[in-house]
Amino acid sequence: MPTLCSSSSSQQNPLLSNFKTLKAAMKISIPTIPPSFFSAIASVPHFTDIIDPPVHPSVDPQHVFTGNFAPVDELNPTECPVIEGKIPLSLNGVYIRNGPNPRHKPLRALHFWEADGMLHSLQFSNGCATYCSRYVNTYKYKIEEEAASPVIPNFLSGFYGLLDAFRLFAFLLKIMAGQINLMNGFGVANTSLAFIGNKLLALYEADLPYEIKLTEEGDIKTLGRWNIDRMLFASFTAHPKFDMETKETFAFRYGRVFAPWLYFLRFDENGVKQKEVPILSVKKTCFIHDFAITRRYAIFQETQLVLSPFKVVMGGGQLVDYDPKHTPRIGIIPRYATSDSEMKWFHVPGLNVLHAVNAWENDDDDEEIVLVAPNFITIENMHDKRLKSSVEKISINMKTGKVVRSILSRKNLEFGTINTSYIGKKNRYAYFGVVDEVAKFSGIVKLDIETGKEVGRRFYGKSCFGGEPFFVAKEAEHVESDEDDGYVMSFVHDEKTGESKFLVMDAKSPELSVMALIKLPRRVPYGFHGLFLTKEKYIHL
């Protein structure tokens, strides 16, 4: 089983231990240095803080990857017993969720966002369920499997002290020696999944997607990187948007070393990329994680989170930083724009959105755009596990520039999901996780977006926590059915017993009543975002 616990003796000099680990991982010739050398320099006041200073708790693997955040091994397809209720016979398909699961003990800092991606799937067929988990076989994963140790530096987690600088130097030597090909990317494919052009893709915004195949036996296989861009440092958002009516997919990617920092993308029904639009009006390297679409527009939200690569290179810490001087903005661009000269920006002080729930155009005034999203009101503490948020409805008048904000819920809610048939159209209901800490939820709340009232809720109970709630429509292809006619599902873990289960709930009922409770063969760690595919879709992958 993957472990983050060190097996070295507590009596060993930590500098000597780190040097030996680095030398083994690099697999390049480094002269042997006697242990007395490390003992001598370690005795110099503050020297250890310069060479190997402590890291922030948010990137300390011994702090981050504990409890049900700790990694697990892969598991072959395994049948799972239903211990309460019955799996609806109409639920034929597979739910698959992505998340971080470090394969090897990190040499240094490792953020939750930067660990190797592992997919956890539950396949439903004729009232039965089969569970499986597999790593996404990224280029990074493969070369580190061969080395039996981390090889790619964790740029997002940051560098601290001279030992980290030495590791970066060793990485650059490997590139120059032809041992690592940066054109293959170094992402971890750990954030979410999307279905584009009859391809199931595992996504991570600092790299291109990886194509995934699901077998009829319930297994998961990585087919390879989806090379839609043959360029250095190619990337793709973890949150593309699919229009159910036009069958198009909209997305974005980051720029590379220099401006433009953002590009708007569109894919046709067959997954063929159309001409991309550089967004020249984005002047800073803001951390834009998600966006939204309406019938005519795409909506981007600049937050007060910025990327600070210079700070990382200088050993100053993590890549993502908080900039109190930057005023958040909302940018709106036509879906078929040919340049960002057609884009309009609106300043919205204090609005920091990481995940958009939905957006639409007002039926009574087609110049008004409505966006629903959780707003992080303690974004300055973005490295803490317990950020506070409130769910807001933001109305933007494209003609007058007026922005009106209203709070729908002051509860700490995130990872909101809706009936995907309503993406870009006015909808009424959204399902949110009740935040305990990042990616860990104590329950689910169903919010009426029109009235701002909670119309459904379920809490998992003492010591039990779940992941992202995901809505699956009963009749996915029949948009005339009720918006909330379907199921809400999530992995749930009991931290007291160590057992994990899968919960299928009635999305219409005020209690989100349990329809099926499925016992899983082992613990499933907390993770990020998931997707449901009908059997008709995944058997043709």
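Reader: How many bridges join strand β3 to β35, and how do the two strands run?

Author: In this predicted model, strand β3 covers residues 93–100 and is joined to β35. The strands β3 and β35 run antiparallel, and the number of bridges that join them is 5.

Reader: Which strands lie at the edges of the open sheet that holds β35?

Author: The open sheet has 5 strands with antiparallel pairing, in the order β1-β5-β4-β3-β35. An edge strand pairs on one side only, and this applies to β1 (75–80) and β35 (530–534). Direction ignored, neighbouring strands of this sheet are turned by 15° against each other on average. The edge strands are thus named as β1 and β35.

Reader: Is Lys535 buried, partly exposed or exposed?

Author: Lys535 belongs to helix α8, which spans residues 535–538. Its relative accessible area is 30%. Buried means under 20% and exposed means over 50%, so with 30% Lys535 is partly exposed.

Reader: Which residues does Lys535 touch, not counting those up to four places away in sequence?

Author: Lys535 and Val94 are 441 residues apart in sequence, yet their C-alpha atoms are 7.1 Å apart in space. For contact, the cut-off is heavy atoms within 4.5 Å. With residues up to four places away in sequence not counted, Lys535 touches Asn92, Gly93 and Ser125.

Reader: How many residues of strand β20 are buried?

Author: Strand β20 comprises residues 329–334 and is mostly covered. Arg329, Gly331 and Ile333 point one way, while Ile330, Ile332 and Pro334 point the other way, and all are buried. The count for β20 is 6 of its 6 residues.

Reader: Why does Ser308 count as buried?

Author: Ser308 sits in the loop between β17 (305–307) and α7 (309–313). Leaving aside neighbours within four places in sequence, Ser308 is in contact with Leu319 and Asp321. The cut-off for buried is under 20% relative accessible area. Ser308 counts as buried because its relative accessibility is 16%.

Reader: What share of the contacts in the chain with a separation of 6 or more comes from residues 24 or more positions apart?

Author: The chain's secondary structure comes to 8 helices and 35 strands. Of its 541 residues, 58% count as buried. Among contacts with a separation of 6 or more, residues 24 or more positions apart account for 61%.

Reader: What is the volume of the second largest cavity?

Author: The structure holds 5 cavities of 30 Å³ or more. The second largest cavity is lined by 13 residues, and those nearest its centre are Leu110, Asp116, Lys140, Pro150 and Asn154. Its volume is about 90 Å³.

Terms used
Residues are numbered from 1 along each chain as its sequence is written. This is a predicted model: local features need pLDDT of at least 70, side-chain atom pairs count only at pLDDT 80 or more; totals for chains, interfaces and linings use all residues. Side-chain values use heavy atoms; hydrogens and water are left out. Helices (H or I, at least four residues) and strands (E, at least two) are DSSP runs, numbered from the N terminus. Buried means under 20% relative accessible area, exposed over 50%, partly exposed in between (1.4 Å probe, protein chains only). Two strands pair if DSSP finds at least two bridges between them. Axes are lines fitted to C-alpha atoms, for helices over the stretch in contact, and angles run from 0 to 180 degrees between N-to-C directions. On a 1 Å grid over the protein atoms alone, a cavity is a set of points where a 1.4 Å probe fits but cannot get out, and a pocket is an open set with protein on both sides within 12 Å along at least five of seven lines; lining residues have an atom within 4 Å of a point. Grid points are joined across faces, edges and corners, and a volume is the space filled by probe spheres set on the points.
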